[in-house]
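Here are a few notes to read alongside the structure. Have it open and look up each residue as you go.

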Amino acid sequence: MKISVITVCFNSGKTIEDCLQSVIKQKYDNVEHIIIDGGSSDNTHSLLNQYKKELSHLVIEHDDGMYDALNKGIKLSSGDVICLLHSDDVFASDDVLDQVAFEFTQHPESEALLSNITYVD
């Protein structure tokens, strides 16, 4: 089962690296990470370029907001499951995508999977 992780960002230089690292550290290996950047003017681009080889798709262009960017990512995705991970979010552990794949394998009739979140300031 392939999992597409879509991350949209705009001026996310302070948080995007933690987000990228949390995807890279996942134990599950059939993952594509798609980044849609709305044309950031901070250091986001330089950080994304450092991780370019880890990304399946990197789109840097103006968009009409977060939902337009998410739709661009969905159109590029080729996974059986689509996961949305925003640029200021991280996975709670390195086995989150293992758990996602397991749940969808155990419950193939499922159309969505929701999880708990923890807010951190």
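1. One term first: a pocket is an open set of grid points with protein on both sides within 12 Å along at least five of seven lines, and its lining residues have an atom within 4 Å of a point. Bear in mind, too, that this is a predicted model.

2. Let's start with the second largest pocket. Its lining is made up of Val23, Ile24, Gln26, Tyr28, Asp29, Val31, Glu32, His33, Glu54 and Ser56. The space inside comes to about 160 Å³. Helix 1 (16-24) and strand 2 (31-37) each put in at least two lining residues, and strand 2 has the largest share, with three. Sorted by class, you get four nonpolar, three polar and three charged residues.

3. Now for the largest pocket, with a volume of about 1300 Å³. The class count for the lining is 18 nonpolar, seven polar and eight charged.

4. Leu97, Val100, Ala101 and Phe104 are its buried residues. Why do they end up on the same side of helix 4? Because they cover an arc of only 95° around the axis. As for what they touch, the buried residues of helix 4 pack against strand 1 (3-9), strand 2 and strand 4.

5. Last, the cysteines. How many disulfides are there? The count is zero. To be counted, a pair of cysteine sulfur atoms has to be within 2.5 Å. Cys9 is in no disulfide, as the nearest cysteine sulfur, that of Cys19, is 8.4 Å away.

6. Are Cys9 and Cys83 buried or exposed? Buried means under 20% relative accessible area. Cys9 has a relative accessible area of 6%, so Cys9 is buried. Cys83, at 15%, counts as buried too.

Terms used: Residues numbered from 1 in each chain as written. Predicted model: local features only at pLDDT ≥ 70, side-chain atom pairs only at ≥ 80, totals over all residues. Heavy atoms only, no water. 1 Å grid on protein atoms, 1.4 Å probe; cavity = no way out; pocket = protein on both sides within 12 Å on 5 of 7 lines; lining within 4 Å. Points joined across faces, edges and corners; volume = space filled by probe spheres on them. Nonpolar A, V, L, I, M, F, W, Y, C, P; charged D, E, K, R; others polar. Helix = DSSP H or I, 4+ residues; strand = E, 2+ residues; numbered from the N terminus. Buried < 20%, exposed > 50% of the residue type's maximum accessible area, 1.4 Å probe, protein only. Arc of directions from axis to C-beta. Contact = heavy atoms within 4.5 Å.
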